Amino acid sequence: MEPTRDYPLFGGAFSATLPPGAIDVSDLRPVPDNQEVFCHRVTDQSLILELLELQAHVQGEEAARYHFEDVGGVQEARVVQVEAVQPLLLENLALRGCCQEAWILSGKQQVAKENQQP
């Protein structure tokens with residue numbers, strides 16, 4: 001089995017440990033500057049990391065949900081399912097001096113791929 005690997009994101013500002021078989025989609029097609037997209041060689045699954053603009057009208061856990069649901073709406077997702085929303089410990093963040101809180105949302109969206117019907 002192929003080992004996991006650390007992969008630099010957004011020009012090295014962040015990094016993530018990716019599962020075996022992850023392919024950088026930017027090697028295959030253009031990806032917006034605010035996204036990092038990976039797909040799996042065998043399955044039809046994708047991992048999308050997206051930098052989003054601050055929305056002052058929502059905060060904390062609700063901000064994470066807002067962005068996830070907003071992206072699902074823009075992508076015309078058939079399913080938008082939040083599985084978990086958890087705070088991140090600021091002492092574990094490289095940007096801890098720049099933010100007051102950080103959240104991670106895990107969820108699933110069922111979205112048509114490029115050139116496919118929803």
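This is a predicted model: local features need pLDDT of at least 70, side-chain atom pairs count only at pLDDT 80 or more; totals for chains, interfaces and linings use all residues.

User: In what order do the elements of the chain run from the N terminus on?

Analyst: Helices (H or I, at least four residues) and strands (E, at least two) are DSSP runs, numbered from the N terminus. The chain has one helix and seven strands. Reading from the N terminus, the order is β-β-β-β-β-α-β-β.

User: How far apart are the centres of domain 1 and domain 2?

Analyst: Domain bounds here come from an automatic or database domain assignment. That assignment gives domain 1 as 1–51 and domain 2 as 55–117. Taken over C-alpha atoms, the separation of the two centres is 17 Å.

User: What share of the residues in the chain is buried?

Analyst: Let us set the cut-offs before counting. Buried means under 20% relative accessible area, exposed over 50%, and partly exposed in between (1.4 Å probe, protein chains only). Among the 118 residues in the chain, the buried share is 21%.

User: How far apart do the centres of the positive and negative side chains lie?

Analyst: Lys and Arg count as positive and Asp and Glu as negative, while His and the chain ends are not counted. Each charge is placed at NZ of Lys, CZ of Arg, CG of Asp or CD of Glu. There are 8 positive and 18 negative side chains, and the distance between the centres of the two sets is 7 Å.

User: Which residues form the largest nonpolar core?

Analyst: A nonpolar core is a set of buried Ala, Val, Leu, Ile, Met, Phe, Trp, Tyr and Cys residues joined through side-chain atoms within 4.5 Å. The largest one in this model has six residues. They are Tyr7, Leu9, Phe10, Leu18, Ala22 and Phe38.

User: Why does Phe10 count as buried?

Analyst: Phe10 lies in the loop between β1 and β2, and its phi is positive, near 50°, in a residue other than glycine. Leaving aside neighbours within four places in sequence, Phe10 is in contact (heavy atoms within 4.5 Å) with Asp33, Asn34, Gln35, Glu36, Leu49 and Leu51. Phe10 counts as buried because its relative accessible area is under the 20% cut-off, at 19%.

User: Is Glu76 buried or exposed?

Analyst: Glu76 also has a place in a loop, the one between α1 and β6 (79–87). Its phi is positive, about 55°, although Glu76 is not a glycine. With a relative accessible area of 53%, Glu76 is exposed.

User: What is the relative accessibility of Phe68?

Analyst: Phe68 sits in helix α1, residues 60–74. Not counting residues up to four places away in sequence, Phe68 touches Val80, Gln81, Val82, Leu105, Gly107, Lys108 and Gln109. One of these, Lys108, is 40 residues away in sequence, with 9.4 Å from C-alpha to C-alpha. Phe68 counts as buried, because its relative accessibility is 16%.

User: How far apart are the C-alpha atoms of Ala13 and Ala94?

Analyst: Ala13 is in the loop between β1 (5–9) and β2 (14–18). It is exposed, with a relative accessible area of 52%. Ala13 and Ala94 are 81 residues apart along the chain, and their C-alpha atoms are separated by 8.8 Å.

User: Which residues does Glu50 touch, not counting those up to four places away in sequence?

Analyst: Glu50 belongs to strand β5, residues 46–50. Its relative accessibility of 30% makes Glu50 partly exposed. The residues that Glu50 touches are Asn34, Gln35 and Val71.

Methods: Residues are numbered from 1 along each chain as its sequence is written. Side-chain values use heavy atoms; hydrogens and water are left out.
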